[in-house]
Amino acid sequence: MTQPMSQPTSQPAASPISVTEASERARAVLDEVEKAVVGKRLPLTLVLSAVLAKGHVLLEDFPGLGKTLAARSLARVLGLDFARVQFTPDLLPADITGSFLYNQKDGNFEFRRGPLFTGLLLADEINRTPPKTQSALLEAMQEHQVTVEGETFPLPAPFHVLATANPIEYEGTYPLPEAQLDRFLMRVSFGYPTTQEEHDVVTRRLARQQEDVELDQVTDASGLRAMQAAVETVTLDESVARYCVDLATATRDHKDVLTGSSPRGSLGLALAARGFAVIRGRDYVIPEDVKAVSRAVLSHRITVKPELWMTQASGPRVVDAVLAEVPTPRALEPS
Amino acid sequence: MALTVLAVGVMLLMVMLAARSGPQRIFAGPLHDPNFRAVTPSYSLPPTPQVGNRHGGNGVIHGDAFFRIVGILLVAAFAALLCWLVYHGVRRLHEALRTYRRRSKKGSEPVDFEVLDDPLELREELRRGADEQLELLLGGTPRNAIVACWDRFEDYAERVDASRKYWETSSEFTLRLLDLVSADPAAVSRLEALYREARFSDHDIDEDRRQAAVEALRAIHLSLGIGAGAP
């Protein structure tokens, strides 16, 4: 069910790096991951933007499209400890957080850490486990700590969750409620590859004569923390910040929407756009960055009216409609 | 909404038909067994003093008047529903006609980018405003000058009825315009980067940046056949 992991929770201070350095390192990470995940530069860029913005990502896609491979490759290239938990109906909160076990030698109860104590956690098929276990994970994502029997244990930094969910086969699943979906900075879909990309996958596999792809580590946990610190220095012009807020609020007024994005959506847009800007080599955000991340950041925070379930109405469509409605910052602000 | 109203209408119609056909066929169904007479309401009973009593002495329902009233109420409800549907249908039709008339009257108001099938007009507009645009770029602080210079492209586009959609960013719009008139893509890219930096960053925008913008603008003009050395 889980893989062994070991990581100390103490983190040495990250040496500061410039945005240019962070950008180069981010691009190197993407280039390396692309050796394993073929032709998915944009979804991978979005996932890395979320990681740089210290967020968590929900990967929702059909089976076999490289979700697990992408998570594993990212963990390898970013130099993070990796743990994978297969979320099953019988999984208990203690299975992921850890629990106190009796040590017969000392006669004490010792805390045995669960797979949450890692750098990058792949929560596979998160919607197959009951809400109790889901909320244990989501609490840890939010608080960056775990409390067991009144004792609090901080999680390592960086700590990121890449959760996967299957958009089909809903039988026996526990779909994440809106309040919990909101905790994910982004929901990203990889989608099917093009014929050429798929052919490329086959050719590469045959050429390397083994299943595993050898990837080089580009950075480590400390390096990632430094990159995240660099993202914090990125400038967000006031007009662009207002654009983020306008997009999020516009989702609340759309005719197909029951519940629009929360203020966490506006914040998510601003943070993710900063991560995206760094990957694009800028230390300032432009409206195009916000547009690029808006679908991934907002669509899962939107609940469509229940009477429209048989129509084409959906979160991504609402975001597209909102992007075609909300005015962008002008070159010259009206005086 | 319309689907819900239709479903309610169909249900009302079914209930109405059921009510009109009376209780015998609904509650008992047709009798196939000629020997079975127990549930057939007896109309041959001698009249009883309790005229208003809807239940016969043998427990059989005699509800003709009741069902007639229910039927009338249902017909009235159905008629009201029909009126509501007709009213809304007519209103929708009226609105659609009004929108259609407004659109056909205004003609070219929803200006899409496709109207610029002939980029010559825009090219001519750019040629006319080239000196003015360069002057803008040379005056004021470098940051404001670069932004104003870029914004001027939007103004030229507006003059040839190709105004920017409010949801389009300035860069998206201007890049498409300049691509349409086959401006030097490298120079456009340089000027766009300078505009973005001047508009959205807090970097120091110095005279070197202004000079770079002037060179990029001249290269754009040159590629459009404007200015000294133009073909």
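1. Chain A of this predicted model has a secondary structure of twelve helices and eleven strands, where helices (H or I, at least four residues) and strands (E, at least two) are DSSP runs numbered from the N terminus. Residues are numbered from 1 along each chain as its sequence is written, and chains are lettered from A in the order in which they are written. Local features need pLDDT of at least 70 and side-chain atom pairs count only at pLDDT 80 or more, while totals for chains, interfaces and linings use all residues, and side-chain values rest on heavy atoms, with hydrogens and water left out.

2. Of the 335 residues in chain A, 51% count as buried, a class that means under 20% relative accessible area, with exposed over 50% and partly exposed in between (1.4 Å probe, protein chains only). Among the contacts in chain A with a separation of 6 or more, 80% come from residues 24 or more positions apart, a contact being heavy atoms within 4.5 Å.

3. Between the chains, 22 residues of chain A are in contact with 21 residues of chain B. The area buried between them is about 1800 Å², with carbon and sulfur atoms giving 50% of this; buried area is the accessible area (1.4 Å probe) that two parts lose on being put together, summed over both. On the side of chain A, A:Tyr284, A:Glu288 and A:Ala331 supply 31% of the area that chain A buries against chain B, more than any other three residues.

4. The lining of the largest cavity draws on both chains, with A:Pro287, A:Glu288, B:Tyr195 and B:Phe200 among its residues. By class, the lining residues divide into four nonpolar, three polar and one charged, where Ala, Val, Leu, Ile, Met, Phe, Trp, Tyr, Cys and Pro count as nonpolar, Asp, Glu, Lys and Arg as charged, and the others, Gly among them, as polar.

5. In chain A, A:Lys255 is placed in the loop between α9 (238–253) and β10 (257–259), and is exposed, with a relative accessible area of 63%. A:Lys255 and A:Lys305 are 50 residues apart in sequence and 8.8 Å apart in space, C-alpha to C-alpha.

6. Some backbone details deserve a look. The peptide bond from A:Ala157 to A:Pro158 is cis, with omega near 0°, and A:Pro158 lies in the loop between β7 (151–154) and β8 (160–165) of chain A. A:His144, although not a glycine, has a positive phi of about 60°, and is partly exposed at a relative accessible area of 32%.

Technical notes:
On a 1 Å grid over the protein atoms alone, a cavity is a set of points where a 1.4 Å probe fits but cannot get out, and a pocket is an open set with protein on both sides within 12 Å along at least five of seven lines; lining residues have an atom within 4 Å of a point.
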